[in-house]
Amino acid sequence: MEAQDRFDAIIAADERIEADDWMPDDYRSTLIRQVAQHAHSEIIGMQPEGEWIPRAPSLRRKAILTAKVQDEAGHGLYLYGATETLGVERADLLDLLHSRKQKYSSIFNYPALTWADVGAIGWLVDGAAITNQVPLCRCSYGPYGRAMVRVCKEESFHQRQGFQIMLTLAEGTDEQKAMAQGALDRWWWPSIMMFGPPDTESVHNARNMAWGIKRYTNDELRQNFVDMTIPQAELLGLTMPDPDLRWNEERGHYDYGEPDWEEFMQMVRGEGEMPAQRIRVRKSAHDDGAWVREAAEAYAQKHEAAA
């Protein structure tokens, strides 16, 4: 039990578990599931916005969006690397994603219908991601926490870029403001549901917080996101699609309505054409890039032999 005692002492002291430290099997498997899902989400999340690169309204917008999508690929790289420190192979994780045996964030099962959706994704989806991910910089597993520091820095730029798109549209013509409002209407509730099910129905919250993998519950993070976002929407002059939304003076927080959790579960289960399309596109890109991986491996072997 010495190894277990040392692990417990590190967690109790709010210190870091490193890759070569002993850890319980449940701790390791929980991290593999969470970090792999996070990595999968980054590379699947390239698709909704990547589809808009050819249709961006200006060369400047195209360059900015291209850089953002490239950042998401980099985030996937960092996170797959963090997962590999737990003793799994990246190729195996990708096989699990492509066979739909591991999940990605269900937010990416919604389509980006207009240019305003690109702004809403940056503002709301990346804003929700930042709310969720900043506490992960203090995750008890060192490689994951350190990877999240850079990810969060870059996500903050993405959130501001999305808000700037929404602000430009909101200050534009009536048609452009209506486009921004439509995107807000489509993405508000999915963003609210990004934090997962209510605490009363979450099966992972308590254990993950006891291990220091998470720092806040789903509902706490959701409330933080709502409180942060409402003043931004007011600045944009847009109307939140929630008739129950109001400031609660006694609580010092906004009250908000109940999301459609059945819709959330449908998206998590991957029902419908969009999830199938996301995986088809991902598998096609993976297959098309096989020659690059083979060339890189041959190059590495050549230099290893020379050394």
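1. Asp126 is buried, with a relative accessible area of 6%, where buried stands for under 20% relative accessible area, exposed for over 50% and partly exposed for the range in between (1.4 Å probe, protein chains only). Its partner in a salt bridge is Lys68, at 2.6 Å from N to O, a salt bridge being a side-chain nitrogen of Lys or Arg within 4 Å of a carboxyl oxygen of Asp or Glu. This pair links distant parts of the chain, with Lys68 in helix α4 (residues 59-84) and Asp126 in helix α6 (residues 115-133), 58 residues apart; helices here are DSSP runs (H or I, at least four residues), numbered from the N terminus. Lys68 is likewise buried, with a relative accessible area of 2%.

2. The model is predicted, so that local features need pLDDT of at least 70 and side-chain atom pairs count only at pLDDT 80 or more, whereas totals for chains, interfaces and linings use all residues. Residues are numbered from 1 along each chain as its sequence is written, and side-chain values use heavy atoms, with hydrogens and water left out.

3. Glu262 and Arg269 form a salt bridge whose closest N and O atoms are 3.2 Å apart; Glu262 is partly exposed at 43% relative accessibility, and Arg269 is partly exposed at 42%. Elsewhere, salt bridges with shared partners join Glu49, Lys68 and Asp126 into one network.

4. The whole structure holds 15 salt bridges, and one of them joins the side chains of Arg146 and Glu18 at 2.8 Å, N to O. Arg146 lies in helix α7 (residues 142-170) and Glu18 in the loop between α1 (2-12) and α2 (25-44), 128 residues apart.

Definitions and conventions:
Helix = DSSP H or I, 4+ residues; strand = E, 2+ residues; numbered from the N terminus.
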